[in-house]
Amino acid sequence: MRLLRSTDLALRVLMRLAVSGDASPTTRQVAEDMGVPYTHTAKVVAELQHLGLLEARRGRGGGLTLTEKGRTASVGAVVRVFEGDGDVVDCEGPTPCPLNSACRLRGALRRAQEAFFAALDPVTVGDMVADPTGPLLLGISSGPPPSQLASQRSGPNAS
């Protein structure tokens, strides 16, 4: 099974935000850090915001922050939302499968898909950024580290 690009990006955005600390990177910054198109990232961020997994604030001092719900979200649940509940194979498509009425493959693939999701259910976003992953994620950011951003915001030139 191969994840959709949007599913992969959603998980990476959540992981990136989980290690951001007090920093609130913008959607554009996250897209640049991950080397993906801004428009694709914006769509994924909008869905994650709709799910309550992150907050997005516009304007000066705005940016993205992971919510507590996002930090404790089940990876399996996130993958289910982005992948949808469709079958792995399309037996009813434009050219329906002639074995459809007596096929055992469809049921076996459905069980395999559910086993895949079930294996991801106990894993949380927070689990995914435990060492050694968290420090590596901080290294992909193009901006200053979160501790430096916090000091810049509260420094003498902050406005």
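The model is predicted, so local features need pLDDT of at least 70 and side-chain atom pairs count only at pLDDT 80 or more, while totals for chains, interfaces and linings use all residues. Residues are numbered from 1 along each chain as its sequence is written, and side-chain values use heavy atoms, with hydrogens and water left out.

**The overall layout**

- You're looking at nine helices and two strands; helices (H or I, at least four residues) and strands (E, at least two) are DSSP runs, numbered from the N terminus.
- Reading from the N terminus, the order is α-α-α-β-β-α-α-α-α-α-α.
- Of the chain's 159 residues, 35% count as buried, where buried means under 20% relative accessible area, exposed over 50% and partly exposed in between (1.4 Å probe, protein chains only).
- Take the contacts (heavy atoms within 4.5 Å) with a separation of 6 or more: 68% of them link residues 24 or more positions apart.

**α1 against α2**

- α1 (5-18) packs on α2 (residues 27-34) at an angle of about 110 degrees, with the axes 11 Å apart. Axes are lines fitted to C-alpha atoms, for helices over the stretch in contact, and angles run from 0 to 180 degrees between N-to-C directions.
- That angle makes α1 roughly perpendicular to α2; the cut-offs are under 35 degrees for roughly parallel, over 145 for roughly antiparallel, 65 to 115 for roughly perpendicular, and oblique for the rest.
- The crossing of α1 and α2 is right-handed. The rule is that a crossing is left-handed if the near helix is turned anticlockwise from the far one by less than a right angle, and right-handed if clockwise.
- On the α1 side you'll find Leu9, Arg12, Val13 and Arg16, meeting Val30, Asp33 and Met34 of α2.
- By class, that contact has four nonpolar, no polar and three charged residues. Ala, Val, Leu, Ile, Met, Phe, Trp, Tyr, Cys and Pro count as nonpolar, Asp, Glu, Lys and Arg as charged, and the others, Gly among them, as polar.

**α2 against α3**

- α2 also packs on α3 (residues 38-50), with an angle of about 120 degrees and axes 9 Å apart, and the two are therefore oblique to each other.
- The crossing of α2 and α3 is right-handed too.
- Thr27, Arg28, Val30 and Ala31 of α2 touch Tyr38, Thr41, Ala42 and Val45 of α3, a set of five nonpolar, two polar and one charged residues.

**α5 and what covers it**

- In α5 (residues 75-83), the buried residues are Val75, Gly76, Val78, Val79, Phe82 and Glu83.
- These residues span an arc of only 160 degrees around the axis, which puts them on the same side of α5; the arc is that of the directions from the helix axis to the C-beta atoms.
- Their cover includes α1, α3, α6 (105-120) and α7 (125-128).
- α1 packs on α5 at about 145 degrees, with axes 9 Å apart, in a right-handed crossing.
- Ser6, Thr7, Ala10, Leu11 and Leu14 of α1 meet Val75, Val78, Val79, Phe82 and Glu83 of α5; seven are nonpolar, two polar and one charged.

**Val81**

- Val81 sits in α5 and is partly exposed, with a relative accessible area of 40%.
- Leaving aside neighbours within four places in sequence, Val81 is in contact with Glu47 and Leu51.
- Val81 and Leu48 are 33 residues apart in sequence and 9.9 Å apart in space, C-alpha to C-alpha.
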